[in-house]
Number of protein chains: 2
Amino acid sequence: MSIEVHPIRGIPEVGPGDDLAALIVDGLDVSQIALTDRDVVVVTHKVVSKAEGRIEQVSDDREYRELAEREARSILRRRGDLLITQTEHGFICANAGVDRSNVADGWAVLLPVDPDRSAHRIRLRIERAMSVSIAVVVTDTFGRPWRRGLVDVAIGVSGLPAILDLRGEPDAQGRTMNVTEIAIVDEIAAAADLVMGKADAIPAAVVRGLDLTGNGRATDLVRPQEEDMFR
Amino acid sequence: MSIEVHPIRGIPEVGPGDDLAALIVDGLDVSQIALTDRDVVVVTHKVVSKAEGRIEQVSDDREYRELAEREARSILRRRGDLLITQTEHGFICANAGVDRSNVADGWAVLLPVDPDRSAHRIRLRIERAMSVSIAVVVTDTFGRPWRRGLVDVAIGVSGLPAILDLRGEPDAQGRTMNVTEIAIVDEIAAAADLVMGKADAIPAAVVRGLDLTGNGRATDLVRPQEEDMFR
């Protein structure tokens, strides 16, 4: 099984109240991509948040920091202007996901209130418009504690398992794999980022060729505190 | 720019002394993939390690744990049989990367001694055999502290930058992005894993369509201890 990842071009600057699903459908048309069943539409949360009005004015660094603190459920570490936080959703990331890049000067973009629900809404609207059965993944760009560089991960999912549970399945030697849960939606998010590019204003992509069905949520990816060795 | 990810089929069980590059070239032939310039060949370290003889007998859990401790430069956390370690390369992962899945019973696979060099060697041999200019990424499957599920990451690279440094480039609003270093090889590793599948014995894939050149090393991804807030 091979996969393809196609950027969705032609999505204009998104603002509060915009119908993002309709803009994606238009973009698919511009990009000459005809969705088929089991395609995965990957969207950066930034356009989701903007469409949902999850943007706020921040006039300076102090206001930005206060906003990040307000959006955080808890703060794990603080170093200069950088906060490592847990968000209300449970995700652990910098500055509660509040971001000032790719937004007009003087504004910051917050995470969607419920990104799994956002993914589900977008999915239903695209499915209705195009008469297909697809999945939607909403992404953000996260750092990692021990590895330099950022990667895109899933913060919202609809129509896919978040984690592929291979525990108990035999490996290629017939030996039972005892700890193999793959964070499949994070791998999908990373693959999609390869065609999006931070500077190019391509906020969405289609991942085609995966044969996955299921109904996970991105919050399934949150490691419960009692399992967590690094807080 | 779209990308494609193709599994390389037909690579047999690999053992110490095998010419892995030649086996990959044969697999490309079986898979009817004609490599072109700038293709990225992604290989799981497991076959690299086996070809390099980096396997050891472990007769029981105690011997396995001792081997993992011996392979670790330091141990960050210990919980039951799980060690979170830093390897000699600097990577932080479970059990120093020593793994008993997908290997014959009674054996464990270690990480390559120098996975960047392994990637480079495989690259040169494939390039010579097929008269193309490619990149090679060697991967392993790592957990993450705060997110459930494993993802594939790069532990060896040749012919690619490890990190795409967008710092100082303007974003789509013309605003300078100040902290945007993308761990591009980790995203490539994750994308490749989508077609490899843990249980399917497909140890390699081709990622096609990226337009990247550079000469990074996977060890570029190791966050220096002084930047690290979570040890």
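Reader: Which residue is the bridge partner of A:I3 in strand 1 of chain B?

Author: In this predicted model, A:I3 has B:V5 of strand 1 of chain B as its bridge partner.

Reader: What makes strand 1 of chain A and strand 1 of chain B a pair?

Author: Strands pair if at least two bridges are found between them. Strand 1 (residues 3–7) of chain A and strand 1 of chain B have 3 bridges, in the antiparallel sense, so they count as a pair.

Reader: Which parts of chain B touch chain A?

Author: The contact takes 56 residues from chain B and 56 residues from chain A. On chain B, strand 1 (3–7), strand 4 (72–79), strand 11 (181–182) and helix 5 (184–196) each supply at least two residues. The largest share, 8 residues, comes from helix 5 of chain B. By class, this side of chain B has 30 nonpolar, 7 polar and 19 charged residues.

Reader: How do you know that the copies meet through the same surface?

Author: Of the interface residues of chain B, 100% are also interface residues in chain A, so the surface is the same.

Reader: Why are the two copies said to be related as by a two-fold rotation axis?

Author: Chain B is superposed on chain A by a rotation of 180° with 0.0 Å of shift along its axis, at an RMSD of 0.0 Å. The copies are therefore related as by a two-fold rotation axis.

Reader: What are the domains of chain A?

Author: Chain A is divided into domain 1 (4–54 + 112–223) and domain 2 (55–111). Their contact takes 15 residues from domain 1 of chain A and 11 residues from domain 2 of chain A.

Definitions and conventions
Residues are numbered from 1 along each chain as its sequence is written. Chains are lettered from A and ligands numbered from 1 in the order in which they are written. This is a predicted model: local features need pLDDT of at least 70, side-chain atom pairs count only at pLDDT 80 or more; totals for chains, interfaces and linings use all residues. Two residues are in contact if their C-beta atoms, placed from the backbone, lie within 7 Å. Helices (H or I, at least four residues) and strands (E, at least two) are DSSP runs, numbered from the N terminus. Ala, Val, Leu, Ile, Met, Phe, Trp, Tyr, Cys and Pro count as nonpolar, Asp, Glu, Lys and Arg as charged, and the others, Gly among them, as polar. Copies are superposed by least squares on the C-alpha atoms of residues with pLDDT of at least 70 in both. Domain bounds come from an automatic or database domain assignment.
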